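Biologist: I would like a close look at one part of this model rather than a tour of the whole. Please take me through it slowly, with the cut-offs behind each term.

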Amino acid sequence: MVIQQFTNEGDAILIHTPVYQPVATAVSLNHRVLIESPLKLVAGRYEIDFEDMELRMQQGVKIVLLISPHTPVGRVWTRADLERIAALCIKYNALIVSDDIHADFIHEGHEHTVIAKLSEEIAQRSIICTSPGKTFNLASLEISNIIIPNETTRERFKQVLQQAGIHNPTFFGRGFSSPQF
């Protein structure tokens, strides 16, 4: 729904690969251009190739679909990684849609940072997606939390939910209108 509401057919959406395939498929099924920026395997650890990412951002990317922590590689992005992603999204005016569903599954010694916590400027161009589905093994409830700090963006998202007939969430799916990171 975010893809449909915040981009037009033919718009470019960037992902870092390898990636959980339904993420990439959602882009293509919505008739958007999938831009892949492959992660680099460096000394046994996946890293973002920021030079490649910037080259691809120059193609007019409208949304960066960030998977944080990244699945399937399990990489927890550092604050410095997130700051570089955010800087590119500001420079090229791209919306950040961050799937943080695996945030509770990180190894000791790593710390998950929600990209919207970097600054108010970043929060205002971010949509953060979470769910108790992974953390509490509640996938069958099919619920999620979509945190949208920007009021205008949040209202546009509410509109697309209403257009799809999505209303009256269950008690477990009830969200809050203001983010609490």
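Predicted model: local features only at pLDDT ≥ 70, side-chain atom pairs only at ≥ 80, totals over all residues.

Is Ile67 buried or exposed?

Modeller: Residues are numbered from 1 along each chain as its sequence is written, and side-chain values use heavy atoms, with hydrogens and water left out.

To begin with your first question, Ile67 is buried, its relative accessible area being 5%, where buried stands for under 20%, exposed for over 50% and partly exposed for anything in between (1.4 Å probe, protein chains only). Ile67 belongs to strand 5; helices (H or I, at least four residues) and strands (E, at least two) are DSSP runs, numbered from the N terminus. Once residues up to four places away in sequence are set aside, Ile67 touches Val19, Val23, Trp77 and Asp99, a contact being heavy atoms within 4.5 Å. With Trp77, which is 10 residues away along the chain, the C-alpha separation is 9.3 Å.

Helix 4 runs over residues 79-91, and its 13 residues, at 1.5 Å a residue, should span 18 Å, which agrees with the 18 Å between its end C-alpha atoms; the expected span is 1.5 Å times one less than the number of residues. Its buried residues are Asp81, Leu82, Ile85, Ala86, Leu88 and Cys89. Seen down the helix axis, these fall within an arc of 160°, so they line one face of helix 4, the arc being taken from the directions that lead from the axis to the C-beta atoms. As a general point, an α-helix has 3.6 residues a turn, so residues three or four places apart point the same way. The cover over this face includes helix 3 (50-57), strand 5 (61-67), strand 6 (95-99) and helix 5 (120-123). After helix 4 comes Asn93, with a positive phi near 55°.

The buried face leads on to the packing. A nonpolar core is a set of buried Ala, Val, Leu, Ile, Met, Phe, Trp, Tyr and Cys residues joined through side-chain atoms within 4.5 Å, and the largest one has 26 residues, of which Met53, Met57, Val61, Val64, Ile85 and Ile115 touch the most other members. At least two residues of this core come from each of strand 1 (12-17), helix 3, strand 5, helix 4 and helix 5, and helix 4 gives the most, with five. Apart from this core lies another, of 19 residues, including Val27, Ile63, Leu65 and Ile127.

Cys89 counts as buried at 0% relative accessibility, and Cys129 counts as buried at 19%. The structure holds zero disulfides, a disulfide being a pair of cysteine sulfur atoms within 2.5 Å.

Charged residues come next. Side chains of opposite charge can pair when their charged atoms come close. With a salt bridge taken as a side-chain nitrogen of Lys or Arg within 4 Å of a carboxyl oxygen of Asp or Glu, the count comes to five. One of them joins Arg75 to Asp81, the closest N and O atoms being 2.8 Å apart, and both Arg75 and Asp81 are buried. Another is the bridge between Glu54 and Lys91, at 2.7 Å from N to O. That pair links distant parts of the chain, with Glu54 in helix 3 and Lys91 in helix 4, 37 residues apart. Glu54 is partly exposed, with a relative accessible area of 23%, whereas Lys91 counts as exposed at 57%. Within helix 3, Arg56 forms a salt bridge with Asp52, with 2.7 Å between the closest N and O atoms, and the two lie four residues apart, about one turn of the helix.

As a setting for all this, the protein has seven helices and eight strands, and 43% of its 181 residues count as buried.
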